[in-house]
Amino acid sequence: MAIADHHKSHNSDGKLWKLCPLWQSGTTSSSSSSTQNLHSQNHSHQNGVGSNSSRASTSVSSVARSLLPARRRLRLDPANSLYFPYEPGKQVKSAVKIKNTSKSYVAFKFQTTAPKSCYMRPPGGILEPGESVIATVFKFVEHPENNEKPVDQKSKVKFKIISLKVKEGVDYVPELFEEQKDHVTIERILRVVFLDPERPSPVLDKLKRQLAEAEAALESRKKPPVETGPKVVGEGLVIDEWKERREKYLARQQVEAVDSV
């Protein structure tokens, strides 16, 4: 309303100057300067409002982004916990399936609050779109102080899985997450839950299946690659089709030469 009132006042003043030609000649310069000042003030006021609005919208959008949950790139199974058989004094294993559900290559990495008693295989890696891997988590179970079994209870140990969008062909190194920490997403924080190995349960059966799949995948990766080169027979004898054809050709040439003589 203030800007509209300024324009109305300016327009009425302009009509007044036209109705008074005797004053117009002597005050044209001052009127022009006043008009320019008024326009500049209105322009600066509008720019100030625009810049303030822009800054306000930027701050609001940044706050909104911070409040919105981060878009997950990975799907975990189990989604919230790592289940371990409770066997005090032994190193036990858990498993979690990690699948890349995004349309880009994603690097992932494990972190834990108990690095001295836990480790992961693999501790990290890069998954292409749609690819999945079953990671095995190893943990040493200490003896309880009061001889009570914390079965089906959550431990204080936590695991965190973080992700990072990467380009195709990038080699995995843990330093990627430090170099691009502003783009790292916390996928999940998994809690440790102990299971009674002597009491059958669907969760325990699923854990055994995942561990078996992880071991099978590890064994397949250990196998030597299939040889695609020339086949070797006996002690270094290489079967080469081109070599055989050449030897047969030379033999025919010799026979033809003898016959011609």
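I began with Phe 110 and listed what it touches: leaving aside neighbours within four places in sequence, Phe 110 is in contact with Val 96, Ile 98, Met 120, Pro 122, Pro 123, Ala 135, Val 137, Lys 160 and Ile 161, where contact means heavy atoms within 4.5 Å. I noted that this is a predicted model, in which local features need pLDDT of at least 70 and side-chain atom pairs count only at pLDDT 80 or more, while totals for chains, interfaces and linings use all residues. Residues are numbered from 1 along each chain as its sequence is written, and side-chain values use heavy atoms, with hydrogens and water left out.

**Phe 110, continued.** I found Phe 110 in strand E4, residues 105-112; helices (H or I, at least four residues) and strands (E, at least two) are DSSP runs, numbered from the N terminus. Is Phe 110 buried or exposed? Phe 110 is buried, with a relative accessible area of 5%, given that buried means under 20% relative accessible area, exposed over 50% and partly exposed in between, with a 1.4 Å probe and protein chains only. I also looked up Ile 162, which is 52 residues from Phe 110 along the chain, and the C-alpha atoms of the two are separated by 6.7 Å.

**The whole chain.** I then stepped back to the protein chain, which has five helices and 11 strands, and of its 261 residues 25% count as buried. Among contacts with a separation of 6 or more, 73% are accounted for by residues 24 or more positions apart.

**Confidence.** The mean pLDDT of the protein chain is 75, and 58% of its residues reach 70 or more; pLDDT is the predictor's confidence in each residue, from 0 to 100. Over residues 1-35 the pLDDT is below 50, and this stretch has 13 contacts in the model beyond near neighbours in sequence. The pLDDT is also below 50 over residues 233-239, a stretch with eight contacts beyond near neighbours in sequence.

**The sheet.** I traced an open sheet of four strands in the order E1-E3-E7-E5, with antiparallel pairing; two strands pair if DSSP finds at least two bridges between them. Which strands are at the edges? The edge strands are E1 and E5, each of which pairs on one side only. From one strand to the next the twist averages 25°, with axes taken as lines fitted to C-alpha atoms, for helices over the stretch in contact, and angles running from 0 to 180 degrees between N-to-C directions.

I followed E7 next, and it is mostly covered, since seven of its nine residues are buried. E3 and E7 pair in the antiparallel sense over nine bridges, and Lys 97 stands opposite Ile 134 in E7. E5 and E7 also pair in the antiparallel sense, over four bridges, with Lys 139 in E7 as the bridge partner of Cys 118 and Phe 138 in E7 as that of Tyr 119.

**Helix H4.** I read H4 as residues 202-222, which makes 21 residues reaching 31 Å from the first C-alpha to the last, close to the 30 Å expected at 1.5 Å a residue; the expected span is 1.5 Å times one less than the number of residues. Its buried residues are Leu 204, Leu 207, Gln 210, Leu 211, Ala 214 and Leu 218. Seen down the axis of H4, these buried residues fall within an arc of 125°, so they line one face of the helix, the arc being that of the directions from the helix axis to the C-beta atoms. The face turned away from the buried side carries the exposed residues Pro 202, Lys 208 and Arg 209. What covers the buried residues of H4 includes E1, E2, E3, E5, E7 and E9.

**Two cis bonds.** The bond from Asp 77 to Pro 78 is cis, with omega near 0°, and Pro 78 is in the loop between strand E1 (74-77) and strand E2 (81-85). The bond from Arg 121 to Pro 122 is cis, with omega near -5°, and Pro 122 lies in the loop between strand E5 (118-121) and strand E6 (124-127).
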